Amino acid sequence: MLSRLRVWGQSRSGGLVGIRRGEHSWFANSAAFHIGGEQFVVAGEPIKEVKFTAGGVPLKIDPNGTYMVGQMYVQYFIPQAPKGSVPLLMWHGGGLSGVTYETTPDGRQGWLNDFLRRGWPVYNSDAVERGRSGWPATAKPVWEGEPVLVTAANAYERFRIGGPDSWSDDASRRKLLPGSQFPAEQIQQFARQFVPRWTTTDVPTLKAYLELVDKVCPCVLLVHSQAGKFGMQAAQLRPEKIRAVVAVEPAEVGDMDKVAALKNVPLMMVYGDYIEQDLRWPKIRANGAKFAEAVRQAGGQVDEVDLPKIGIKGNSHMVMMDKNNLEVSAVINDWLAKRGLYKP
């Protein structure tokens, strides 16, 4: 059963609290679930004796047995009077979780709140092996390779906040890209969101996303960075269920040999600032443009939006966290409205 959440604005921490419109209260239903995953069996490992508390009695723990791996956590919010014709599914980028959309590092309203306030049913996920989805800390490795970890310094430079060689442990000596809209003074708050990620989990991640699509869609996909690939692939595999894909700074795109599947799925690709002077992003941007043109040649519709070209400047890779994040979400919302997916 859905629990009822009364929404009245936003707290200092960015959490959902009440919104009042005139003399009327606005309500939303909220709940969560896990989806996907499969069983993984561990055998042949020695039994361990563990003392869980300093003065406790040791307990024998058998690491052998059946574990669930590859599951994904999903939280959703449903307005009482939706204006979005279908749910909006938010998929985050690499090394991050659904917190990406909940709030900004400096405590302003995130896109989850903003799109919910506009009247969109919103589903926000923690991808496989991220956040509340959990990860398989079993006695035997489930996935190949080691998890990749990110420091604040790495994110500061790689996410086009300060650019190459801009970091210093002394905050007063850090360089910031001119006109940057990222709340750079809160970089350590942003770093608190970072979680380990594997580079070998694309298959179970896409599988879980597809199960979510099958469960709750038709829908619109709003994807960021690493999830650009998953969003476009999901639309290629389930074109009848995806009404549109909004890819914010996609780090990777869909399958070039399946572009025809997107003929009837409108695609919006949104890019921030400082791409030309970056070490990696000119190539990433070019790959996105190549994919977009291939979709157009196959009869599909793609709108590539470079924010500086429409007068929205200073955006980092973390567009949804920048100080002008609500200006960008308004552009996205208007684009969806023009496709008949949102009615004010």
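This is a predicted model: local features need pLDDT of at least 70, side-chain atom pairs count only at pLDDT 80 or more; totals for chains, interfaces and linings use all residues.
Student: OK, which residues touch the most other members in the largest nonpolar core?
Tutor: In that core of 48 residues they are L89, W91, L212, L221 and I242. A nonpolar core here is a set of buried Ala, Val, Leu, Ile, Met, Phe, Trp, Tyr and Cys residues joined through side-chain atoms within 4.5 Å, where buried means under 20% relative accessible area, exposed over 50% and partly exposed in between, with a 1.4 Å probe and protein chains only.

Student: And which helix gives the largest share of this core?
Tutor: Helix α5, residues 202-216, contributes 7 residues, the largest share; helices (H or I, at least four residues) and strands (E, at least two) are DSSP runs numbered from the N terminus. The buried residues of α5 include L206, L210, L212 and V216.

Student: What does I242 touch?
Tutor: Leaving aside residues up to four places away in sequence, I242 touches V213, C217, C219, L221, A234, A235 and V265, a contact being heavy atoms within 4.5 Å. Apart from this core lies another, of 44 residues, with Y156, V220, V305 and L307 among them.

Student: Switching to α7, how far does it reach?
Tutor: Helix α7, residues 281-297, has 17 residues and reaches 24 Å from its first C-alpha to its last, close to the 24 Å expected, the expected span being 1.5 Å times one less than the number of residues.

Student: What do the buried residues of α7 pack against?
Tutor: They pack against α3 (152-158), α6 (227-237), β14 (267-271) and β15 (302-306); W281, I284 and F291 are among the buried residues of α7. Just after α7, G299 takes a positive phi of about 100°.

Student: Now salt bridges, how many does the structure hold?
Tutor: The structure holds 17, each defined as a side-chain nitrogen of Lys or Arg within 4 Å of a carboxyl oxygen of Asp or Glu. R285, E293, R296, E304 and D306 are linked in a network of them.

Student: Which parts of the chain does the E249 and R160 pair link?
Tutor: The side chains of E249 and R160 meet in a salt bridge at 2.6 Å, N to O. The pair links distant parts of the chain, with E249 in the loop between β13 (242-248) and β14 and R160 in the loop between α3 and α4 (187-191), 89 residues apart. E249 is buried, at 0% relative accessible area, and R160 is buried as well, at 1%.

Student: What about K229 and D202?
Tutor: Their side chains meet in a salt bridge at 2.8 Å, N to O. K229 lies in helix α6 and D202 in helix α5, so the pair ties together parts that are 27 residues apart in sequence. K229 is buried, with a relative accessible area of 15%, whereas D202 counts as partly exposed at 25%.

Student: Last one: where does P218 lie, and what does P218 touch?
Tutor: P218 lies in the loop between α5 and β12 (219-224), and it touches V86, P87, K241 and R243, not counting residues up to four places away in sequence.

Terms used
Residues are numbered from 1 along each chain as its sequence is written. Side-chain values use heavy atoms; hydrogens and water are left out.
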